[in-house]
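I opened this notebook to look up a few helix contacts and ring pairs. My entries follow in the order I took things up.

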Amino acid sequence: MTDPLDTTSDRRPGGRTARIRAQVLDAVRAELAERGHEGLTVEGVATRAGVHRATVYRRWRDVGGLLVDVIAAAGEIDWQPPDTGSLRGDLTALNQEIQESLVLRPSFAVALMAASFHSEQAARAQTQLWTDRYTQCEILVERAIERGELPAQHTDARSLLIAATAPLYHQLVLLRSDPDPHLPERAAQAAVLAAAAGAFSVRREEGRERGDGQ
């Protein structure tokens, strides 16, 4: 399955413009993962992509523009949340995808998160990416309610998803701990148990105030 935060796209339309974009974005990913935001330059990207730097400046203007387009490319991926038949299985599978992206060396996902602290453009684009991905994953909670795995009352899907995935980022990004093959399932199970106990249940009025509209 495709990492939900991956920004590579297999759906690259034909044509010279699309081909150049693909080459440039591949170069941005490689340069960012290897050199970090501090080492990311338009010149370096152009050289790696095998295109003239004037082409990069004309289309993307600067490093911020390159980062925004790399993040935007994530929205072009035909990624779907896991569907294993249970909430625990779905969250475990989701966490396994996330862990795989974070333990790669060099990790583009980690480098991109770091870059967002240096570029306001990238930060805004990444916030939108996360918002879209969480919204897309809310189907996991909806299916769980339909199966009777969660309380019938309104469950805050966003809070549940954050609780299930946060331990991965805490351990691997903040603490820089060695990968634990059991962490994806443990984090998923903890979130499921908490949700089943009503930890993420909210009143309908509260949900409407928060913009859930349910």
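I began with residues 41–60 and looked up how far apart the ends lie. The end C-alpha atoms of this span are 12 Å apart. The span is 80% helix and 0% strand. I note that the model is a predicted one. An unreviewed UniProt entry carries the annotation "DNA-binding region" for residues 41–60.

Next I looked at helix H2 (residues 42–49) and helix H3 (residues 53–60). I found their axes 8 Å apart, at an angle of about 120 degrees. H2 and H3 are therefore oblique to each other. Their crossing is right-handed. I then listed the residues that meet: Val42, Glu43 and Ala46 from H2, and Arg53, Val56 and Tyr57 from H3. By class, the contact of H2 with H3 has four nonpolar and two charged residues, and no polar ones.

I went on to helix H5 (residues 87–103) and helix H9 (residues 183–196). Their axes come within 8 Å and cross at roughly 140 degrees. The crossing of H5 and H9 is right-handed. On the H5 side I noted residues including Leu87, Arg88, Leu91 and Thr92. On the H9 side, Leu183, Pro184, Glu185 and Ala187 are among them. I sorted the contact of H5 with H9 by class and got eight nonpolar, five polar and two charged residues.

H9 also has a contact with helix H8 (residues 157–174), so I looked up which way H8 runs against H9. The axes of H8 and H9 come within 8 Å and cross at roughly 150 degrees. That makes H8 roughly antiparallel to H9. H8 passes H9 in a right-handed crossing. From H8, the contact takes in Leu160, Ala163, Ala164, Pro167, Leu168 and Gln171. From H9, Leu183, Pro184, Ala187, Ala188, Ala191 and Ala195 take part.

Last, I turned to the rings. How many aromatic pairs does the structure hold? I found two. One of them is formed by tryptophan 130 and tyrosine 134. The centres of these two rings are 5.8 Å apart, with 35 degrees between the planes, and the pair is tilted. Tryptophan 130 and tyrosine 134 are four residues apart in helix H7 (residues 120–147), so about one helical turn separates them.

Notes:
Residues numbered from 1 in each chain as written. Predicted model: local features only at pLDDT ≥ 70, side-chain atom pairs only at ≥ 80, totals over all residues. Heavy atoms only, no water. Axes fitted to C-alpha atoms, helices over the stretch in contact; angles between N-to-C directions. Helix = DSSP H or I, 4+ residues; strand = E, 2+ residues; numbered from the N terminus. Parallel < 35°, antiparallel > 145°, perpendicular 65-115°, else oblique. Left-handed = near helix turned anticlockwise from the far one by under 90°. Contact = heavy atoms within 4.5 Å. Nonpolar A, V, L, I, M, F, W, Y, C, P; charged D, E, K, R; others polar. UniProt positions renumbered as here; feature names shortened; annotations may be inferred. Phe/Tyr/Trp six-rings, centres within 6.5 Å; stacked < 30°, edge-to-face > 60°.
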